[in-house]
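Let's take a friendly walk through a protein model together. Have a look at the picture first, and then we will go through some of its details.

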Amino acid sequence: MGDSTNESESLQVRKKIVPGTIDVHPTDNAIVVNYTVQAAIVENGQLVIGDKRSSQKVIRVKALHANSNIASLAQEVVDKCKLIHANRLTEVEQILYYLQQRQIAHCSTDAVESDRVWLRKQLDKVRKPSLGDEEKINMKAVQDEPSSMFKMDNYIEGLYEDIPEKVKSTRSILQLAKVPENMRLLIENESLMSALSRVLREDGRKSMELVTNIIYIFFCFSNFSEFHSIVTANKLGDMCLRLTDQEVTRFDLWVQDLRKLEANVSQAPNDKSSISKLDQGYQKFQNMLRKQDQLLFVSFHLLLNLAEDTGIEVKIVKRDIVKYLVDILDRKTPELLVLAITFLKKLSIFRENVDEMFKHADDLLPKLGFLIDTDNSRLNSMTQRLLLNLSHDSRFRSLLVRQEFHQKLRDIFHSQNSSMLTLQLLYQLSIDEPSRFSPIFSTCIPQIIQMILEYKGDRVNIEVMAFAINMSTVLRNAQIICQDNGIKFLIKKAVKSNDPLLFKMLRNISQHPDENTKMMFLDYIDDLMRLMLKSMSNPDVLIEILGIIGNLTIAEFDFKKLAVAYDLLQFIKNIFQTSIANTQMDSKSFGISETNRKNSDLTKIDGVCKNDDLLLQVIILLSTMSLDENISPMVATTNIIPLLIEIMIAKEEDDEIILQVCYCIYQFLLHDSTRTILIGKSDVVGYLIELLYDRNIEIRKVCDASLSIIGEIDEDWNRKLRQQKFAWHNSEWISMMTEIPGSPYSGMDDSSLMYAKNSSTDLSLGNSAGYRGALSPGMYDNDSDDEEARQSGIGGSNALLNGPGLY
């Protein structure tokens, strides 16, 4: 007993787990961790037997989506899985990033791939309802006698017999063509290819089933791009278009025959013979229509496959394929409708094809309006995708709003069947400013705000935010958003998520002239200021917060207190100095490569990134702060005014920055402390005179207002300004007088003649020649033709997003 105990103690089982590689799961959102289990039996320190076994652990990452934080998710995976060492964190992050990108790519391409797969599955379904009793018997006979490649010679001989034999042979060949392994053997049989093409060409009008079988055979070939050359060599595309035109004409004749029968019944409502003929006509029409839909389905599907080649697509469009596709949108066969919409959606990617569709818009849009309301989810989704592509054209957007598509989409959005696709379409229709004022869009706002506030991810979906941003540019919509403490919850959500799009929406709300709306932001001004100072490395958020504060043009607001509490003037001064330094660096770095410039430390000063948008918002903020008269003495004690003049010179090509600088100067001219510095210690008057003749009408207006203030205060400047304006408006006469021989002013140059009546005049213009390009007197008078007259005035911008991409 003791010996057995000692023996068991001498035997030891040792087990060791060795981590291996980390891979991506081929189909799921999962990480595959490979590891090896090593087991050994040791007796008295010596190995008796050992074994190794490889295994895998699959870690499914259910929380992965487009907005996931990869770093935190990777850390969570490493912490929970003991098979992954902490030093492999970077490798896990790379795998998660790959899974995320694969998921995004799959979402964008899955729709297109599934459309093709789904349409191919419908080919068998769409043919079955059109079979009559005789055809069912023939089909059963074919099924009882299976097709075989060894009987191919018999099938080819059958193509030279009467129509019934040709139909029977094509059915057998079609069964073989559905098997991919037979494709190459069939394609390489030149006798078969030529016989099928001949029968289709010669007997195309005699039997609809025969034609359908042959086109179906070639459609099977067209599913493979490598066989497209064979299909086009046999001119199947041309034949399909001819057959389509033939069937459309035949359909019109059937409708005319039915109308005649209906007219006969209406003239003799009690005539049983006429009623019987009408009933038979309806039955015949329905049977023929099912067969025709089947033929059109395979024809259009073959053309859709061939249209993968853009050169062939151009030829197809020139043959009026758009007209044929629009014509069949009032058919009842769902599979045919989905195919037609899919084809139109593919064509709508190219502008030339959209122009062609616009020619048929009066017929196309009413039919799409009917299809978008159907219960067929597949058809509804495909119709919305087509409309999304068309909505990138401003002409179609206008027509869609005019025909109240936004109301249909609103109803879908409120229903249980809504999707991000519906929201994308609503956004597209809200791009044009006049459309945004529709009250139909306003009814979507409560649901949009609910989606924003209830979103659990890091950033709200861009589709939701894009539509919300557009809606917030309308005052009525902004007031709806602010109801029920909406602004409070939105600001808290924005501060917590640091989402720049959410801040952009708040900025749009703050720019409206309604003072009650602006006053709502004052309760959260401290939160915004603290986040602004923390966002120096995040210019997207920083710009939006500056825009919000710059829009708070509230007369009673104490900006002095705000400036003192958060050292705002020093912040503004740092931004100005950064911008000037970056501009000077750019002007000296033409010989430096772009890579070296990006890596240079000079592109950052005091932690602020080089960004003209940031500079613009800081200037607007300074203009808003100048509304408080207590700010001017503080500004006068700094060098902000000279920095403004330097920015005016450095950014002379940027109209928006020049406009805002001029407005800021105008605001400071209203206060004694800063007006003294501007007039007596700077050359700002000379620059304002030069900008008085700028091409931008808004700049001219602000400069004229500023110079009027200067003229009212200083009589000497008032006289000089009057003489300068006189010289400008009469420059053509002065130039002409200097060229007339014998004139008292002959031989004088223009500048001498301008001031001939008062030689003591000195305007002190500084570098007045050619600043930003002067206007001719005629251009100054013609303000209506100024392209830039439509630019926004002082204050914020609309900040519209780009539209979603094409499907």
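Are Trp 254 and Phe 285 buried or exposed? Both Trp 254 and Phe 285 are buried, where buried means under 20% relative accessible area, exposed means over 50%, and partly exposed is in between, using a 1.4 Å probe and protein chains only.

Before going on, some ground rules. This is a predicted model, in which local features need pLDDT of at least 70 and side-chain atom pairs count only at pLDDT 80 or more, while totals for chains, interfaces and linings use all residues. Residues are numbered from 1 along each chain as its sequence is written, and side-chain values use heavy atoms, with hydrogens and water left out.

**Confidence**

The predictor's confidence in each residue is called pLDDT and runs from 0 to 100. The protein averages a pLDDT of 80, and 79% of the residues score at least 70. Helices here are DSSP runs of H or I with at least four residues, numbered from the N terminus. Residues 1-8 stay under 50 in pLDDT, and the model gives them 0 contacts beyond four places in sequence; a contact means heavy atoms within 4.5 Å. Where pLDDT is low, the predicted coordinates should not be read in detail.

**Aromatic rings**

The whole structure holds 9 aromatic pairs. Rings of Phe, Tyr and Trp (its six-membered ring) pair if their centres lie within 6.5 Å; planes under 30 degrees apart count as stacked, over 60 as edge-to-face and the rest as tilted. Phe 218 and Phe 221 form an edge-to-face pair, with 5.9 Å from centre to centre and 90 degrees between the planes. These two are 3 residues apart in helix H9 (residues 208-222), so about one helical turn separates them. Both Phe 218 and Phe 221 are buried.

The rings of Trp 254 and Phe 285 have centres 6.3 Å apart and planes at 90 degrees, so this pair is edge-to-face too. The pair links distant parts of the chain, with Trp 254 in helix H11 and Phe 285 in helix H12 (residues 272-306), 31 residues apart. Together with Phe 251, they form one aromatic cluster. Arg 331 lies over the face of Phe 251, 4.4 Å from the ring centre. A charge sits over a ring if NZ of Lys or CZ of Arg is within 6 Å of the ring centre and within 35 degrees of the ring normal.

**Salt bridges**

Side chains of opposite charge can pair when their charged atoms come close. A salt bridge is a side-chain nitrogen of Lys or Arg within 4 Å of a carboxyl oxygen of Asp or Glu. The whole structure has 28 salt bridges, including these:

| Salt bridge | N to O distance |
|---|---|
| Glu 91 and Arg 88 | 3.2 Å |
| Arg 198 and Glu 202 | 3.3 Å |
| Asp 672 and Arg 675 | 2.1 Å |

Arg 198 and Glu 202 are 4 residues apart in helix H8 (residues 190-202), which means about one helical turn lies between them. Arg 198 is buried at 18% relative accessible area, whereas Glu 202 is partly exposed at 49%.
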